[in-house]
There are 2 protein chains.
Amino acid sequence: MIVDLEIICIGNELLIGKVKDTNAYYIAKQATKLGANVKRVTVIQDTIQEISSSVCEAIARKPQFIVTTGGLGPTFDDKTLQGIAKAFNRKLEVNSKALEIVKQKCLEYAKKRQLSPEIEMTPPRVKMATLPQKTEVVNNPIGTAPGVRVDAQGTVLFALPGVPVEMEAIFNETITPLIKQAVGNSMFCEWSIFVDNIMESRLAPLIDKIMSDNDGVYVKSHPIRSENKPHVELHLTIMASQEQKPAEKLVKAAKELAILIEADGGSVIEALDR
Amino acid sequence: MIVDLEIICIGNELLIGKVKDTNAYYIAKQATKLGANVKRVTVIQDTIQEISSSVCEAIARKPQFIVTTGGLGPTFDDKTLQGIAKAFNRKLEVNSKALEIVKQKCLEYAKKRQLSPEIEMTPPRVKMATLPQKTEVVNNPIGTAPGVRVDAQGTVLFALPGVPVEMEAIFNETITPLIKQAVGNSMFCEWSIFVDNIMESRLAPLIDKIMSDNDGVYVKSHPIRSENKPHVELHLTIMASQEQKPAEKLVKAAKELAILIEADGGSVIEALDR
């Protein structure tokens, strides 16, 4: 079954070139490996309006999953939950389970650093536990702010923190099993061939032939612009159910492509199972 | 003047976790330094429908600039120009200037690699020179496929190749001067303070105070999750005209923030002009 997933990364730091986003890459790689179809990544600024409208736009495309990253913390610029509340027209309310989690994390922080106990539930702390109505608290095994799950209009949306280790921990613990279940026995395979001495424009009709002869196999050419390296990487991928033996299909297509390339004067430098 | 810019990165390889996007980061960083407001990054798959709809969505938000990366090459999956043609409802036609460029690049490739001359204008080569009507060819000082400029509905859209060195060369040669001109004397400044022994939730009200006392200064806290490093980076930014002396405003705000943090028991480890 085709399982679409969209990623929304929230934070000005990603749009001013301060932080190189690694979260979208991580989620895209993991979700693809699990057999999901990552349809789109949207990176937006820290405003309630941007968060709300990009969530609404994603929901309208009806993916099975949306994962947002960032904006769950205690400071004024952490507006993800407000944006989600606006998108789904739900009120925000203090969630007692989330509040207990935040309280425990504050105590742990102070204890670890031998500071006086941080027990006061100040407004910024309560903010981290103020969730849209009818949402579910998701365990954050590492950081203070819990993740959030919202089910709406056939889509499951997860709001995860932006700190990569926290995001990854929640993704693996909570989202991975759900994607696996949704995907069933569909799997993703990839294979690379590195070639030289042949232009991409000459490879184009060979790629067309291989794709028309090998149903389900997708071939992309990637020019490589480093000295002393092969000129082009041909990346073959397939997403299919296990019964269709996707790995075997891919190897067959790769072999056929290599033969065509050499017959046309190109040099196949290396072939790699990925 | 506020100059909005959007980035659309096109390519399945970015959504399956094969390639870590660096283009959006590069453009975002450069454009911000020049004083532009990078509003959104959208990463999409290689389909005409996705390209067309994401261009239309961006155009509807009325940014001054849109930069797309990827999908200008000769292979079947290079669909950017078809997507743009669909978005603006323009026909595709062979552009004689672009065709001449592609021809020259093919000759150079063969000469450099001592191959027999590549003079035949095969369909994949003609494809790279087949542009939507009423578009302008943009010089690509490095690769084969030229860039494209489209002016529509008050927005200037540039379609650049996905290979980073080619994209960067065109960006610097063609787009940078245009952004500079549009931005006028607006400039972007940033400053960082690294702090320890104080939770983000405790920093929140201090950040609020600094932002309300220092008009135009934006402060974001970034938790750092590495051992033996300060716990939080506070990143101060401002975008303002030169006459407003943004750098001085920023230093003043940073100093005030550092004083508040130390008064609240936090440790300021380092302050850095960026």
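A:Val43 has B:Val41 as its bridge partner in β2(B), and this pair belongs to an antiparallel pairing of strand β2 (residues 37–44) of chain A with β2(B) over 5 bridges. Strands count as paired if DSSP finds at least two bridges between them, and the elements are DSSP runs numbered from the N terminus, with helices (H or I) of at least four residues and strands (E) of at least two. This is a predicted model, in which local features need pLDDT of at least 70 and side-chain atom pairs count only at pLDDT 80 or more, while totals for chains, interfaces and linings use all residues. Residues are numbered from 1 along each chain as its sequence is written, and chains are lettered from A and ligands numbered from 1 in the order in which they are written.

**Where the two chains meet**

- Chain B has 50 residues in contact with 50 residues of chain A; contact here asks for C-beta atoms, placed from the backbone, within 7 Å.
- On the chain B side, the elements that give two or more residues include α2 (23–33), β2 (37–44), α5 (96–112) and α8 (200–213).
- That side of chain B divides into 22 nonpolar, 14 polar and 14 charged residues.

**How the copies are related**

- Chain B is superposed on chain A by a rotation of 180 degrees with 0.0 Å of shift along the axis, at an RMSD of 0.0 Å. That is the relation of a two-fold axis.
- Within chain B, B:Thr42 has the C-alpha nearest the axis, 2.3 Å from it.
- The same surface serves both copies, as 100% of the contact residues of chain B recur in chain A.

**The nonpolar core**

- The largest nonpolar core has 155 residues, and A:Ala28 and B:Ala28 are those with the most contacts inside it.
- Such a core is a set of buried Ala, Val, Leu, Ile, Met, Phe, Trp, Tyr and Cys residues joined through C-beta atoms within 7 Å.
- Buried means 20 or more other C-beta atoms within 10 Å of a residue's own, exposed means 12 or fewer, and partly exposed lies in between, with C-beta atoms placed from the backbone.
- Neighbours within four places in sequence aside, B:Ala28 is in contact with residues of both chains: A:Leu15, A:Ile16, A:Gly17, B:Ile7, B:Val38 and B:Val41.

**Strand β1 of chain B**

- Strand β1 (residues 4–10) of chain B is largely enclosed by the rest of the structure, because 6 of its 7 residues are buried.
- β1(B) and β2(B) run parallel and are joined by 7 bridges, with B:Ile7 opposite B:Val41.
- β1(B) also pairs in the parallel sense with strand β3 (residues 65–69) of chain B, over 5 bridges. There, B:Glu6 has B:Ile66 as its bridge partner.

- β8(A) is mostly covered, with 5 of its 6 residues buried.
- Strand β3 (residues 65–69) of chain A pairs with β8(A) in the parallel sense over 5 bridges, and A:Val67 is partnered by A:Phe158.

**Backbone angles to look at**

- Most residues other than glycine have a negative phi.
- A:Gln153, with its positive phi of about 50 degrees, is exposed, having 9 other C-beta atoms within 10 Å.
- A:Asn197 has a positive phi near 60 degrees and is found in the loop between β9 (186–196) and α8 (200–213) of chain A. A:Asn197 is partly exposed, with 18 other C-beta atoms within 10 Å.

**A buried glutamate**

- B:Glu166 lies in helix α7 (residues 164–183) of chain B and counts as buried, with 22 C-beta neighbours inside 10 Å.
- Apart from neighbours within four places in sequence, B:Glu166 is in contact with B:Asn140, B:Ile142, B:Gly143 and B:Pro161.

Note on methods. Contact = placed C-beta atoms within 7 Å. Nonpolar A, V, L, I, M, F, W, Y, C, P; charged D, E, K, R; others polar. Least-squares fit on C-alpha atoms with pLDDT ≥ 70 in both.
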